[in-house]
Amino acid sequence: SNWSTATIPSLAALVFDTSGKPAETFHDDASPNKPEASSGSMHLTDASQQYGLLTQVTFAVIGFAVFIAYFVISFNERGKVYQYSSPMSAMWVGLITLWFATLLIAWWKLPTSKSALMAKIWTTLSVIIALEGFISLISFAAGQNEGTAAALCLLWIASGGLGVAMSLGKWRALTSSYYASSLESDDSAVKPAGRCAFCLTVHFWLNFTLLFLVLWLLVFSTGVMIQSAAAANDGNSIQPPGQIYTISTNGTELDMHLYCFGPTAGKTVVFEHGGGANSMTLLGLAQELVATREVRACVYDRLGYGFTPSLYTGVDALPHSGVLLSLLLDKAGEAGPFVCVGHSAGAGACLFFAHANKAVVGVAMLDGYPDVIRAGSLRPGQEPSGRVLGATQGLGVAAGAPGLGRGAIGNPGGHFVPGDRRGTVIALYAQTRFWLAQYWDVKADLDLPEERQLYRLLGGSKDAQGLVHYGGTLAGVAVLVVPAAHTTTPTACESEENRGSFCCGHAINSTVCRNQRADAVLYGEQAKLYA
């Protein structure tokens with residue numbers, strides 16, 4: 001069963017002894033009846049074993065450092081512009097390297113690592129990890145501005161490749177004729193005398209736990225691999241409608257996407273997408289308005305979303321979104337007058353736009369109530385909570401990477417209009433920078449000082465219920481609130497056609513239903529106060 005040294009990967013030299021000298025093996029005691037190792041046979045030596053383990057420890061430490069560094073950069077560094085990319089890609093690569101190297105070291109130090117079956121399993125797992133790292137390297141390299149993540153994939157590949165060599169070497173040693181003959185003469189090699197049944201049970205569950213954690217690692221790493229490949233393909237194949245314009249504010253240059261079409265005479269309807277969405281979600285409505293009302297329409301993507309290349313971490317150095325939209329429209333030569341249509345969180349963006357641009361003559365808020373519920377709030381009237389920010393951050397780290405969710409996250413359904421853009425919407429939802437953009441949106445709202453709150457900028461005042469009274473300060477801007485039926489209109493959940501309506505799926509007097517009825521009243525009251 002000797003192997004020619006020419007057929008062994010160079011990495012295997014870290015863990016195999018190829019000197020032709022007798023090699024020490026994993027036995028609990030020495031037996032004078034054990035046969036001599038034949039010249040040229042390769043078995044794990046204590047020195048090479050320790051060298052391999054120390055190398056994996058090094059990989060784990062470097063992976064940890066990379067993960068922490070890019071975690072801090074992603075969620076704490078302010079005033080940084082990223083083009084088409086996100087530091088979270090590098091963070092995920094560091095996490096995978098740390099995760100795999102740590103689990104391999106833990107398994108290697110277990111007494112039950114002397115099982116040939118476990119060695120075979122770890123060999124297979126290591127091969128998969130190394131291959132996924134290689135595919136991710138190619139994908140990141142082919143993507144847009146993901147060179148750092150691509151370079152760090154070498155660390156991922158090296159850890160997986162060393163894992164292949166280490167576990168394959170142990171597998172060969174445990175299944176070789178040398179080891180088999182030693183078992184005949186010394187049964188204690190696998191089960192030393194006096195080992196208790198409880199100890200064996202503990203070892204079994206330790207192995208089981210490690211394998212469970214490795215399976216979760218494979219889910220995560222497979223997701224990163226799919227994400228990197230799909231993102232590279234999307235970036236090179238999906239072309240945005242309209243144009244990318246460069247605007248400058250406070251010494252910072254930003255690239256933003258804008259698509260305007262329709263007749264140039266008369267009003268221009270500008271659409272603001274909801275939080276976590278993109279311009280394509282409102283394109284169908286814009287196209288219908290242009291076709292039926294003969295008005296001009298513009299859809300665009302806020303920073304970090306959709307086709308807008310620029311992601312900005314932090315809010316301190318930039319004006320609010322209304323100012324950025326005004327600069328973008330001016331750069332594109334769109335003069336107005338404007339009517340802003342905002343869905344959900346886009347309703348607040350429209351009010352910011354009305355504050356920044358005197359050419360705004362109307363605002364339509366589609367199921368959006370920016371004065372009574374904010375990005376960090378769970379219910380109207382509540383103060384923004386750090387829990388929402390923490391949940392968004394956790395999703396970015398844990399759920400953002402897996403491309404396994406592509407097609408499910410952000411899927412607008414089969415009835416989406418325009419149908420030819422449905423795949424584009426899904427692809428835009430799956431972008432790496434999309435997850436980080438959501439975090440910084442919530443962070444910006446939580447950190448916004450009282451004097452810069454939307455209602456303060458617009459001259460409103462807040463009452464004890466949390467409702468904002470404008471008292472004519474929006475004079476010259478017509479405000480239309482268009483609530484969704486399931487948000488403000490209680491319905492009979494027993495009816496088949498109402499199964500997806502207001503609070504259905506819960507008992508009519510449940511806490512959820514009572515809260516939604518109370519919230520609906522606040523939404524309705526606030527809608528009356530924009531006059």
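**View 1. Seven strands line up in an open sheet.** In this predicted model, the strand order reads β2-β3-β5-β4-β7-β8-β11, and the pairing is mixed. The two edge places go to β2 (243-249) and β11 (478-482); each has a single partner strand, so one side of each is left without a neighbour in the sheet. Going from one strand to the next, the twist averages 25°.

**View 2. Here we zoom in on the β7 and β8 pair.** Strand β7 covers residues 338-343 and strand β8 covers residues 360-366. The two run in the parallel sense, joined over 6 bridges. Look for H343, which stands opposite L366 in β8.

**View 3. Two helices lie across strands of the sheet: α7 and α9.** Take α7 to begin with: this helix spans residues 283-293 and lies across β3 (252-261), β4 (268-272), β5 (296-300) and β8. Its direction makes an angle of about 45° with β3. Helix α9 (residues 345-356) lies across β4, β7 and β8, and runs at about 155° to β7.

View 4. Is L213 buried, partly exposed or exposed? Its relative accessibility is 33%, so L213 counts as partly exposed: buried would mean under 20% and exposed over 50%.

Note on methods:
Residues numbered from 1 in each chain as written. Predicted model: local features only at pLDDT ≥ 70, side-chain atom pairs only at ≥ 80, totals over all residues. Heavy atoms only, no water. Pairing = 2+ DSSP bridges. Helix = DSSP H or I, 4+ residues; strand = E, 2+ residues; numbered from the N terminus. Axes fitted to C-alpha atoms, helices over the stretch in contact; angles between N-to-C directions. Contact = heavy atoms within 4.5 Å. Buried < 20%, exposed > 50% of the residue type's maximum accessible area, 1.4 Å probe, protein only.
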